[in-house]
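Here is a friendly walk through the pockets of this model and the ligand that goes with it. Take a look at the structure first, and then we can go through the details together.

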Amino acid sequence: MRKLAAGNWKMNGTSATLAELEALSRAHPDPGVDVLVCLPATLIHPARTLLDNAPVALGGQDCHAAASGAHTGDIAAAQLADAGASAVILGHSERREDHGETSDRVRQKAIAAHQAGLIAVICLGETLAQREAGETLAIIGAQLSASLPDTCTAANTVVAYEPVWAIGTGKIPTKAQIADVHSFVREGLIAELGAQEAAGLRLLYGGSVKPANAAEIFGIENVDGALVGGASLTAAEFSPIIRALEASVHPA
Ligand code: PEP
């Protein structure tokens with residue numbers, strides 16, 4: 001399996017910020033891992049044009065479950081693909097919280113993403129209150145089984161474990177906590193998809209990944225890459241994270 005360094009720009013960036021993507025692609029002309037940057041929808045097409053055939057994949061951050069229709073302000077998976085996206089983040093905790101998205105809704109969106117030929121990057125994560133109540137694995141298990149549709153394969157789906165309390169806070173779970181959740185998710189995927197598909201499906205860790213902690217996180221079993229928010233906004237910060245992931249594949 002090829003490891004994946006994925007960035008999430010959230011609601012940040014304008015056309016001027018695309019210079020960061022250009023710098024990133026110049027720094028990684030032949031990356032040893034997959035590189036994906038999930039942009040605000042307005043930037044996907046200009047970014048694809050700017051990057052031309054450079055090996056930086058682009059993604060959206062949400063899509064509607066319907067293929068088209070009367071849904072003012074929403075975006076369809078096929079529209080993201082048409083703009084140049086090859087992936088879409090679904091079920092990010094900010095969407096679950098700000099827009100009341102349920103796992104069932106996330107599953108419907110993932111089906112739409114798959115139908116449009118997009119990779120669905122499906123996010124799962126517990127809140128601090130849930131972790132402190134000892135509910136982490138129950139929450140992750142419930143989100144996993146309800147959010148992943150039957151259309152999931154190793155090629156068209158990525159799962160990102162993002163503890164809500166670690167996103168944008170600088171707080172990071174311990175290595176053992178990450179390892180526990182990732183091995184639990186891998187077991188869940190084996191039950192849902194069978195051993196072969198589950199072994200090839202990438203599990204990302206997300207939540208305050210920075211250049212300083214990336215190598216340690218990438219050394220944890222069942223961590224196949226990262227979903228990076230704040231540190232993906234500049235080439236100066238995202239590039240060392242990509243290099244740390246490359247180094248985890250081919251240690252010096
Ligand atoms: C995210 O938004 O998916 C994320 C992990 O953010 P950050 O890296 O800023 O914590």
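On a 1 Å grid over the protein atoms alone, a pocket is an open set of points where a 1.4 Å probe fits, with protein on both sides within 12 Å along at least five of seven lines, and its lining residues have an atom within 4 Å of a point. The second largest pocket has about 180 Å³ of volume, while the largest holds about 500 Å³. This is a predicted model, where local features need pLDDT of at least 70, side-chain atom pairs count only at pLDDT 80 or more, and totals for linings use all residues. Residues are numbered from 1 along each chain, as its sequence is written, and side-chain values use heavy atoms, without hydrogens and water.

The ligand takes up the space of the second largest pocket. Of the 17 residues lining that pocket, Lys 10, Gly 168, Ser 208, Gly 229 and Gly 230 lie nearest its centre.

| Residue | Part | Distance to a ligand oxygen |
|---|---|---|
| His 92 | side-chain N or O | 2.9 Å |
| Glu 162 | side-chain N or O | 2.7 Å |
| Gly 230 | polar backbone atom | 2.9 Å |

The protein covers 97% of the 290 Å² of accessible area (Shrake-Rupley method, 1.4 Å probe) that the ligand has on its own.

As for the largest pocket, 18 residues line it, and Met 11, Gln 61, Asp 62, Arg 95 and His 99 are the closest to its centre.

Technical notes
Polar contact = N/O pair within 3.5 Å; in protein donor to acceptor, adjacent residues only side chain to side chain. Sits in = over half its atoms within 2 Å of the grid points. Points joined across faces, edges and corners; volume = space filled by probe spheres on them.
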